[in-house]
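The sequence and structure come first.

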Amino acid sequence: MNSMSKIGIAAATLVALALPFLLAGNRFLGFVLGMTLISLLWASGMNLLSGFVGLMPLMFAGIAGIAGYAMVYFTRTYAWSFWLAMPVASLLAALIGVALGLPALRLKGFYFTLCSLVIQSVLTLAFIFFPTFTNGDTGINEIAPPDWFGGGALTGTRLDFALAVVAVAGIFFGAWLMRTHLGHKFVAVREDDVLAESIGIDVVRTRITAFFIVSLYAGIGGCFYAVYVGFISPRAFDVLVSLNIWLFVTFGGRGTILGPIIGTAILAPIPFLLQDLQAFKDILSGTLIILVTLLMPGGIYGAWLTLLARRRGREVKTIQAREQGV
Amino acid sequence: MKLLEVNGICKSFGGVAALSNVTGYSLEGETLGMIGPNGSGKTTFVNVVSGHLRSNSGTLTFAGVNIAGMRPHQLAAVGLCRTYQAVRVFSALSVRKNIDDARLLLESRGLEAAEIRELTEWLRLDRRLDEPAGSLTLFEQRRLELLMRLVLKPRLIMLDEPVGGLAVAEVNEMITLLQQLKARCSLFVIEHTMRVIRELADRVMVLIAGEKVADGPPAEILQNQRVIDEYLGTAAHA
């Protein structure tokens, strides 16, 4: 990680932790912030797989959905505290995700993506056809906010701040993970899985571990989404959500820690701020997906790093290489 | 002592038999060469032994352990590794990072930093450590590939055409490097350049159309009439 990345992450951390209080007077902007913070957690999770391992998990939102529904089920049926239901539901969702993803994780690149799309579709259908847990297409409303010490509930600015803490923790965990041996294996598998295997890296196991961790991010985000919005339905966890998070990651710069933060900060608030242009929301993200894929495969931060490297007169093959300390 | 033993290996792709009933062995400390025309099954043989492909039948034993069905990463852990005909390095990563990735397998049980520095100097990569591996010349990439295998503390390295695509002077240097390497571990070499086989191999196996047709010291094999007729073309070649 270079010094610019460190400064960027430190700045993002301060801003994320300060904003809930700065926006405390305005509930609407506070809500936009909260949604952006949930997206930030999701994007840093998605980035671990799509940026560092090189797999694009389109069932990401589906796994978040499993956790969200399970959390609501545990809190309503067994009267569990959110703080017990959230980790249990996330763990459950991650285990289900790995079980469903197991056959797909032997595949690479495009084939994995295709398989994950099928899994996502199946999950969306499951959310509709198991109304016992999900209330079907109607969705579940009036989800209670997380309980807090002293019998109160965690709402408003305090909940926004909790989301900021969770998102920042997610970013730091990802940054730490990429410095461990496991993180180095992620990159090796992305760069060349045949070579990785022949120098002793268990490729399938590495992918499964990565997928499990990423599913935990999805699940935790799904639980917070449910209590934050107060309403969940199959539409909240469909493939467009996965694609949107992927867009945040790629727009900012996949395979870097700072990139997804930039991407999410720029793109996540847009649909809320352009509420009057609701019809254009999906068109806008669709257009951006195409433009980014064609013009900026390294994202904004990637393009910036390449520019910087060119100025220094050094040849750089990919932006990921720089981030990895080349 | 026999290090690698293959017995009755068959491998077919659809109806095409790439290997039929191949049997052979390599000794600890020995350099075993393999020659044969294009498409005779040499690379398939390496793919089967190194766990990239599964044979249809036959047994594979390495250092007394049954290795049939083991994946490449498991084989790397027991000391059997290989290089590729089309060189493979992590092109986008630095040379240093490439070496570090190869160290992930053994971690603290692996080579000391000083030993790795020594190897890096021996393979003349010490000045290239911060370059992306993709910007290296083919010869440098081949040396890096070799270095990444040595970090795994191998007992046997299978080299698939180690001098393929190299210039004449580079071939000479590679032969010298491989000769020095023989002191470190056992080798298995596929080559079309007969000089490499003559100067390196203690013994040679000849594969023609998926069948082993000869096995013996290079001097003898390169004079073998069938090998000359079906592969070398003229005796002058040898």
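The contact draws on 21 residues from chain A and 24 residues from chain B, where two residues are in contact if their C-beta atoms, placed from the backbone, lie within 7 Å. On the side of chain A that touches chain B, the elements giving two or more residues are α8, α9 and α16 of chain A; α8(A) supplies the largest share, five residues. The model is predicted: local features need pLDDT of at least 70, side-chain atom pairs count only at pLDDT 80 or more, and totals for chains, interfaces and linings use all residues. Residues are numbered from 1 along each chain as its sequence is written, and chains are lettered from A and ligands numbered from 1 in the order in which they are written.

| Helix of chain A | Residues |
|---|---|
| α8 | 181-191 |
| α9 | 193-198 |
| α16 | 319-323 |

Helices (H or I, at least four residues) and strands (E, at least two) are DSSP runs, numbered from the N terminus.

In chain B, four strands form an open antiparallel sheet in the order β2-β1-β4-β5; two strands pair if DSSP finds at least two bridges between them. β2 (16-27) and β5 (65-66) of chain B are the edge strands, each with a single partner, so one side of each has no neighbour in the sheet. Strands β1 (residues 2-13) and β4 (residues 57-62) of chain B are joined by five bridges. L4(B) has F62(B) in β4(B) as its bridge partner.

Turning to packing, A67(A) touches residues including A89(A), A93(A), A218(A) and C223(A), not counting residues up to four places away in sequence.
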